Amino acid sequence: MAGITDDNFVPNVPPLLPRGCKFSPDNGVLIEFYLKKKILGKPLPSDCIPTVEVYSRNPTQLPLPTGDFWRVENEWYFFTTKPHNDSVTLTNDGYYSVIKEEETIKQEDEEIGFMRTLAYFQGTPPSGKKSKWTIYEFRVKPNTIPTIQHDDALKAKVSSFVVCKLSIEKKKRKYTRKNKNDSMKSK
């Protein structure tokens, strides 16, 4: 899958969404209408997910557009190649590590894919410090693509190509509780 990425691609045309809506597909839609279509070379509902080698670098080094009205804050999507090592993937200053094993994703009671959760750690394994970055990695269930049995190139693509949702933990607001005596006074 090397060579199919475009690390400089940042969607410059917002997807066609109804006013007030944000791009935040549920897991089934992400697999069925984006990842599966991308693997099969079919047109996507919206061309707003770039293809980037996510696992080769720290999340802060990824092209993370901000300020797009159609994007959910602190949430980005990428097509990428799945790392060969299934538990830990090293970068130049840290590593991605699986924190939640694969779970099955269903759509209309049919298994269509899988999701696993990875966290980014600063430092070297196993003593790195967990960052605020989390990746939800989605892959297609191979038998949902009927032509895969006779096409080795497609088999390789299905087993190695994924879509990721990258998110950063939002800062928690500190709320202070007012004392009963501090409540509004009547005039």
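Thr81 is buried, its relative accessible area of 16% falling under the 20% cut-off. This residue of the predicted model belongs to strand S1, and its side chain is joined to that of Glu53 by a polar contact of 3.2 Å. Pro63 sits in the loop that runs between helix H1 (27-40) and strand S1 (75-81). Between Pro63 and Trp76 there are 9.4 Å from C-alpha to C-alpha, with the two residues 13 apart in sequence.

Strand S1 leads on to the sheet. Six strands make up an open sheet in the order S1-S6-S5-S4-S3-S2, and their pairing is antiparallel. S1 and strand S2 (88-90) are the edge strands, each pairing on one side only. From one strand to the next, the twist averages 30°.

Helix H2 (residues 152-160), for its part, lies across S1, S5 and S6 and runs at about 15° to S6.

The aromatic side chains come next. A pair of aromatic rings is described by how far apart the centres are and by the angle of the planes. Seven aromatic pairs are present in the structure. One of them brings together Trp76 and Trp133, whose ring centres are 5.8 Å apart; their planes are at 40°, so this pair is tilted. Trp76 is in strand S1 and Trp133 in strand S5, so the pair links distant parts of the chain, 57 residues apart. Both tryptophans, Trp76 and Trp133, are buried.

Another pair is formed by Tyr96 and Tyr120, with ring centres 4.8 Å apart. The planes of Tyr96 and Tyr120 are at 65°, so the pair is edge-to-face. This pair also links distant parts of the chain, with Tyr96 in strand S3 and Tyr120 in strand S4, 24 residues apart. Tyr96 and Tyr120 are buried as well.

Phe23, Tyr34 and Tyr77 come together in one aromatic cluster. Finally, a charged side chain meets a ring: Lys165 lies over the face of Tyr136, at 5.3 Å from the ring centre.

Technical notes
Residues are numbered from 1 along each chain as its sequence is written. This is a predicted model: local features need pLDDT of at least 70, side-chain atom pairs count only at pLDDT 80 or more; totals for chains, interfaces and linings use all residues. Side-chain values use heavy atoms; hydrogens and water are left out. Helices (H or I, at least four residues) and strands (E, at least two) are DSSP runs, numbered from the N terminus. Buried means under 20% relative accessible area, exposed over 50%, partly exposed in between (1.4 Å probe, protein chains only). A polar contact is a pair of N or O atoms within 3.5 Å; within protein, one must be able to donate a hydrogen and the other to accept it, and residues adjacent in sequence count only if both atoms are side-chain atoms. Two strands pair if DSSP finds at least two bridges between them. Axes are lines fitted to C-alpha atoms, for helices over the stretch in contact, and angles run from 0 to 180 degrees between N-to-C directions. Contact means heavy atoms within 4.5 Å. Rings of Phe, Tyr and Trp (its six-membered ring) pair if their centres lie within 6.5 Å; planes under 30 degrees apart count as stacked, over 60 as edge-to-face and the rest as tilted. A charge sits over a ring if NZ of Lys or CZ of Arg is within 6 Å of the ring centre and within 35 degrees of the ring normal.
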